[in-house]
Amino acid sequence: MSQQRTGAHGGMETSFGFQDISDGEKQSRVNDVFHRVAKRYDVMNDLMSGGMHRVWKDSMIAWLSPSRTANWKVLDVAGGTGDIAFRIVEASGRNAHATVLDINGSMLGVGRDRAEKKGLAENLEFVEANAEELPFADVSFDAYTIAFGIRNVPHIDRALAEAFRVLKPGGRFMCLEFSEVELPILDKVYDAWSFNAIPKIGKAVTGDADSYQYLVESIRKFPRQADFGEMIRKAGFERVTWRNFTGGVAALHSGWKL
């Protein structure tokens, strides 16, 4: 069992939180977690971020600045409930077309229902598939987004390679993910909250402590900002940069296919 962060070389594929597992075992375990939390996904994100995920997501869309021209296409990966896709469509003046891809059917079911209620169904497509093997042709999308999902992908390098493949020249990759807190004191406060409070609150609210324990541990295993930036560069992206939110509790990475 290792509590050390993985690096630019990889390692998340054999990590289920702090547990060391065999390559090939992670995906089914992650699927089980998200089948359990799908209907309380917003509660999960509120617990993990203290409610700040809503502000971070809005900032992500502002930096992405979706085009208002017709036929602008975005692929939102691991976005089953639609949070990012809905924001993108609205920011485009309901001109953008968003394909929401998730490997978890329960999450997609929540997203479809929400899209109907918001009147956005015509702008959205929901696809159940694996981020490591995207079912799309090369150069299909103008942007690729993923929020709080890439740390749950077993082989992050494969997902990044697929992102590069399906983007058009000039296309943009953006990833919002929990990261390493870089402010003294805040890091200790956040650790105490994460490991002591979140699983207990998760159990009280949803009856499920184990899923929240995994999610907290997976955050601590994910590469630091600079290491993840290097992984994005290795996939072929240029002008790679990132912005820290709330002292590094989360980070937004950006790269371009040039």
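Me: Let's start with Arg239: does it count as buried or exposed?
Reply: Keep in mind that this is a predicted model. Arg239 has a relative accessibility of 57%, and the cut-off for exposed is over 50%. So Arg239 counts as exposed.

Me: And in which strand is Arg239 found?
Reply: Look at residues 238-245, which form a strand.

Me: What is phi of Arg239 near?
Reply: Most residues other than glycine have a negative phi. Arg239 isn't glycine, yet its phi is positive. The value is near 50°.

Me: Phe148 has a positive phi too. Is Phe148 buried or exposed?
Reply: Phe148 sits in the loop between β6 (141-147) and α6, and its phi is near 55°. Its relative accessibility is 4%, and anything under 20% falls in one class. Phe148 therefore counts as buried.

Me: Which residues of α9 make the contact with α6?
Reply: α6 passes α9 in a right-handed crossing. On the α6 side, the contact is made by Ile156, Asp157 and Leu160. Across from them, the residues of α9 are Phe228, Met231 and Ile232.

Me: Now α1: why do its buried residues line one face of the helix?
Reply: Helix α1 (residues 26-37) has twelve residues and reaches 17 Å from its first C-alpha to its last, close to the 16 Å expected. Its buried residues are Lys26, Gln27, Val30, Asn31, Val33, Phe34 and Val37. They line one face because, seen down the axis of α1, they fall within an arc of 160°.

Me: Last stop, Asp42. How far apart in space are Asp42 and Arg54, C-alpha to C-alpha?
Reply: Asp42 is found in helix α2 (residues 41-49), and it is partly exposed, with a relative accessible area of 29%. Not counting residues up to four places away in sequence, Asp42 touches His53, Arg54, Asp83 and Arg114. Asp42 and Arg54 are twelve residues apart in sequence, and their C-alpha to C-alpha distance is 9.6 Å.

Key:
Residues are numbered from 1 along each chain as its sequence is written. This is a predicted model: local features need pLDDT of at least 70, side-chain atom pairs count only at pLDDT 80 or more; totals for chains, interfaces and linings use all residues. Side-chain values use heavy atoms; hydrogens and water are left out. Helices (H or I, at least four residues) and strands (E, at least two) are DSSP runs, numbered from the N terminus. The expected span of a helix is 1.5 Å times one less than its number of residues. Buried means under 20% relative accessible area, exposed over 50%, partly exposed in between (1.4 Å probe, protein chains only). The arc is that of the directions from the helix axis to the C-beta atoms. A crossing is left-handed if the near helix is turned anticlockwise from the far one by less than a right angle, and right-handed if clockwise. Contact means heavy atoms within 4.5 Å.
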